[in-house]
Amino acid sequence: TALPILGASDCLGFPARGSHFVLHQTLPDRDKRAFAMTSYSVENLTYLVVSNHYSWTSKSHNTTSDVYIWDSLLRKFEFVRSFPTIAATHSDAFKIGNQQYLSMANHGSSAMSSVIYRVEGPELIVHQEFLARGASQLKAFYHRNQTYMALCTGISDSTSIYRWQTS
């Protein structure tokens, strides 16, 4: 029997045996279509980034993605700020040394920038941009003590791999 396809607001809690996940919090969609999430910690504070792909109000992919912070007193995530994105499809939190970064893949049929941000608490400072059409992922990975960044696109026929170079 096929299961119904549901949005996040329609999720059903099916019975589970033993340890399992229970709904803790529902984040407001803030008039946007969430496409991906990632989290990171800075100075013992946990942040959650919601990558938004589309704005229902403006009927546009030119929208914003949202940053939330874990409020330990309220025991839930609270909205901190938005930052501009264009049809965001993927976000990834990663560290190089002690510095936290966030990558955001922006998708589009024309060339646009996917961005790596340097994280300073809730502030995101543009560190590097990658011009590409149809970015679907901008993902950091590590191999033999070296950091790499993969830029995957859904439009072109290649994936680009970049190596971190210290200046």
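Start by selecting Phe94, Tyr101 and Trp164: ring pairs link these residues into a cluster. A pair here means rings of Phe, Tyr or Trp (its six-membered ring) with centres within 6.5 Å; planes under 30 degrees apart are stacked, over 60 edge-to-face, and the rest tilted. Before going on, keep in mind that this is a predicted model, where local features need pLDDT of at least 70 and side-chain atom pairs count only at pLDDT 80 or more, while totals for chains, interfaces and linings use all residues. Residues are numbered from 1 along each chain as its sequence is written, and side-chain values use heavy atoms, with hydrogens and water left out.

How many aromatic pairs are there by this rule? The count is 8 aromatic pairs. Next, pick Tyr68 and Phe79, an edge-to-face pair with 5.8 Å from centre to centre and 75 degrees between the planes. Tyr68 sits in strand 3 (residues 62-71) and Phe79 in strand 4 (residues 76-86), so the two are 11 residues apart and the pair links distant parts of the chain; strands are DSSP runs of E, at least two residues, numbered from the N terminus. (Buried is under 20%, exposed over 50%, partly exposed in between, with a 1.4 Å probe and protein chains only.)

Now jump to Phe141 and Tyr148, which are stacked: 5.4 Å centre to centre, with 15 degrees between the planes. Phe141 is partly exposed, at 33% relative accessibility.

On to the charges. You'll find 3 salt bridges, each a side-chain nitrogen of Lys or Arg within 4 Å of a carboxyl oxygen of Asp or Glu.

- Select Lys139 and Asp92, bridged at 3.3 Å, N to O. Lys139 belongs to strand 9 (residues 135-143) and Asp92 to strand 5 (residues 88-96), so this pair ties together parts 47 residues apart in sequence. Lys139 is partly exposed at 35%, but Asp92 is buried at 7%.
- Select Lys76 and Glu78, whose side chains meet at 3.4 Å, N to O, in a salt bridge. Lys76 is partly exposed at 34%, and Glu78 is partly exposed at 27%.
- Finish with Glu120 and Arg118, a salt bridge at 3.1 Å, N to O. Glu120 is partly exposed at 39%; Arg118 is partly exposed at 28%.

Definitions and conventions:
Helices (H or I, at least four residues) and strands (E, at least two) are DSSP runs, numbered from the N terminus.
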